[in-house]
Amino acid sequence: MDRDPTARPDPVDLITDQWAHVRPDLQTDAMAAFGRIYRIARTMGDRMEKTYARYGISRGEFDVLATLRRADAPYSLSPRELTTTLMLTTGGMTGRLDKLERAGHITRSPDPHDRRGVRVTLTPAGLDLIEAAVGAGLSVQQEAFDALSESEAAELNRLLRLLLGATSR
């Protein structure tokens with residue numbers, strides 16, 4: 001793939017140029033794309049972690065609170081539903097829930113429909129926290145996304161959706 005002559009070279013270009021020098025037989029377009037995706041994800045992950053830290057939570061704890069918030073009122077799910085949605089082990093989920101419960105952001109109570117089950121529910125303080133944290137996180141993401149025009153942003157999302165589908169098989 002030819003490089004856009006108007007684009008400034010980035011660190012990934014250096015890597016693919018080095019490969020082209022030592023192994024000109026290699027096709028490195030996929031390496032370049034996934035290298036950029038990885039670097040963007042890592043950089044934005046660090047930014048999100050810093051943003052959520054201002055609210056006293058980690059990214060993992062944010063994920064739990066956000067999942068409960070998306071469940072809509074009364075903002076309640078079973079630990080199994082949370083574990084499945086967040087692709088966590090039960091041990092990993094228990095640690096997050098323990099910390100969020102100690103902080104007063106969630107409660108755990110018996111499931112009225114299953115004697116053996118538990119419901120995890122956002123507290124009013126947890127709801128206030130996630131409302132503020134999600135707004136702050138989206139602001140950080142939008143700041144980066146503003147580097148693209150509206151049509152570029154739409155095209156990027158379309159292409160990433162295709163790529164995600166291809167890698168999820």
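A surface patch, as the word is used here, gathers residues with over 30% relative accessible area and no salt bridge, nonpolar side chains being joined within 5 Å. The views below all show a predicted model.

**View 1. Nonpolar patch on the surface, formed by Phe-34, Ile-37, Phe-145, Leu-148, Leu-156 and Leu-160.** Together these residues present about 440 Å² of accessible area. Helix H2 (29-53) and helix H7 (150-167) each contribute at least two residues to the nonpolar patch. Ile-37, which is one of the patch residues, sits in helix H2 and is partly exposed, with a relative accessible area of 32%; because that value is over the 30% required of patch members, Ile-37 meets the accessibility condition.

**View 2. The largest nonpolar core, a set of 23 residues.** Within this core, Val-64, Leu-65, Leu-68, Leu-82 and Ile-106 are the residues that touch the most other members. Two or more residues come from each of H2, helix H3 (59-70), helix H4 (79-86), helix H5 (90-102), strand E3 (114-122) and helix H6 (124-145), and H3 gives the most, with five residues. In soluble globular proteins, nonpolar side chains tend to be buried together. Once neighbours within four places in sequence are set aside, Leu-68 is in contact with Tyr-75, Ser-76, Leu-77, Leu-82, Ile-106, Val-120 and Leu-122.

**View 3. Backbone geometry at Asp-72, Pro-74 and Met-87.** Most residues other than glycine have a negative phi, and most peptide bonds are trans. In the loop between H3 and strand E1 (76-77), which holds Pro-74, a cis peptide bond with omega of about 10 degrees joins Ala-73 and Pro-74. Asp-72, which lies in the loop between H3 and E1, has a positive phi of about 70 degrees although it is not a glycine, and is partly exposed at a relative accessible area of 47%. Met-87, found in the loop between H4 and H5, has a positive phi near 55 degrees and, at 74% relative accessibility, counts as exposed.

**View 4. Salt bridge between Arg-36 and Asp-10, with an N to O distance of 2.7 Å.** The pair links distant parts of the chain, with Arg-36 in helix H2 and Asp-10 in the segment before helix H1 (11-22), 26 residues apart. Arg-36 is partly exposed, at a relative accessible area of 27%, and Asp-10 is partly exposed, also at 27%. Asp-10, Asp-13 and Arg-36 are linked in a network of salt bridges.

View 5. Glu-61 is buried, with a relative accessible area of 6%, whereas Lys-99 is partly exposed at 40%.

Key: Residues are numbered from 1 along each chain as its sequence is written. This is a predicted model: local features need pLDDT of at least 70, side-chain atom pairs count only at pLDDT 80 or more; totals for chains, interfaces and linings use all residues. Side-chain values use heavy atoms; hydrogens and water are left out. Patches are made of residues with over 30% relative accessible area and no salt bridge: like charges are joined within 9 Å, nonpolar side chains (Val, Leu, Ile, Met, Phe, Trp, Tyr) within 5 Å. Accessible areas come from the Shrake-Rupley method with a 1.4 Å probe; for residues, only the protein chains shown count as cover. A salt bridge is a side-chain nitrogen of Lys or Arg within 4 Å of a carboxyl oxygen of Asp or Glu. Helices (H or I, at least four residues) and strands (E, at least two) are DSSP runs, numbered from the N terminus. Buried means under 20% relative accessible area, exposed over 50%, partly exposed in between (1.4 Å probe, protein chains only). A nonpolar core is a set of buried Ala, Val, Leu, Ile, Met, Phe, Trp, Tyr and Cys residues joined through side-chain atoms within 4.5 Å. Contact means heavy atoms within 4.5 Å.
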